[in-house]
Amino acid sequence: MGDISMRLKPLAAAVAVLALAGCATTPSTRVTRFHLGQPIARGEIAVEPLVPADRDSLEYQTYASIVGAELAKIGFSEAPGLKQSEQVAVVSVERGSRETLAQRSPVSVGVGGSTGGYGGGGVGLGISFPIGKKRSNEIVMTRLSVQIKRRSEGTVIWEGRAESSAAGGSAAAEPGTTVKMLASALFRDFPGVSGRTITVK
């Protein structure tokens, strides 16, 4: 019996190491959302960048497509082309070192107002910070921020932020893959519990 136990110990240790490795390759996502606690009507919605100049960039178009697909899953239909729909999803993606993004303003409650949002009304958002040469020990943070507004009055009826970190140069830090993961987590169980930060794996 003792011999069997001794043989099983190395096996158990190896299984534990593999389990930890598996967890390390799947970064968790922190999600925070705010809303008015009232039903949000599903209908046509336009996906637009927080910084208008980003509209034609391939990077933004990739992110907008990802967000639009997630909105479709929860009952919205994306307005074609530049059609002026009543509801607008304003999108911003930030990437940079964990230290750099940690210094930026956190979520502020702008729901119900026409000027509220992230970082004091969204000033300075939409910037993709240059990461430079990727180092194996560099931690890259990606943050997806979305506000849903009524176009006619500019009122924010829902807003959320999702962010995750991964080792620079790893598959988990690839922009498109990361934003897809963040968008999925952000709109899960929409509209979510207002004011609560959750961790999604």
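A: The largest nonpolar core holds 29 residues, and those with the most contacts inside it are Leu71, Leu144 and Phe187. Such a core is a set of buried Ala, Val, Leu, Ile, Met, Phe, Trp, Tyr and Cys residues joined through side-chain atoms within 4.5 Å, where buried means under 20% relative accessible area with a 1.4 Å probe, protein chains only. At least two residues of this core come from each of strand S2 (44-49), H2, strand S4 (87-97), strand S5 (139-150), strand S6 (156-167) and H5. H2 gives the most, with 6 residues. Helices (H or I, at least four residues) and strands (E, at least two) are DSSP runs, numbered from the N terminus.

This is a predicted model: local features need pLDDT of at least 70, side-chain atom pairs count only at pLDDT 80 or more, and totals for chains, interfaces and linings use all residues. Residues are numbered from 1 along each chain as its sequence is written, and side-chain values use heavy atoms, with hydrogens and water left out.

Leaving aside neighbours within four places in sequence, Leu71 is in contact (heavy atoms within 4.5 Å) with Ile45, Val47, Phe76, Ala89, Ile148 and Phe187.

H2 also meets H5: Tyr63, Ile66 and Glu70 in H2 touch Pro175, Gly176, Val179, Lys180, Ala183 and Ser184 in H5. By class, this contact of H2 with H5 has 5 nonpolar, 2 polar and 2 charged residues. Here Ala, Val, Leu, Ile, Met, Phe, Trp, Tyr, Cys and Pro count as nonpolar, Asp, Glu, Lys and Arg as charged, and the others, Gly among them, as polar.

Note on methods
Buried means under 20% relative accessible area, exposed over 50%, partly exposed in between (1.4 Å probe, protein chains only).
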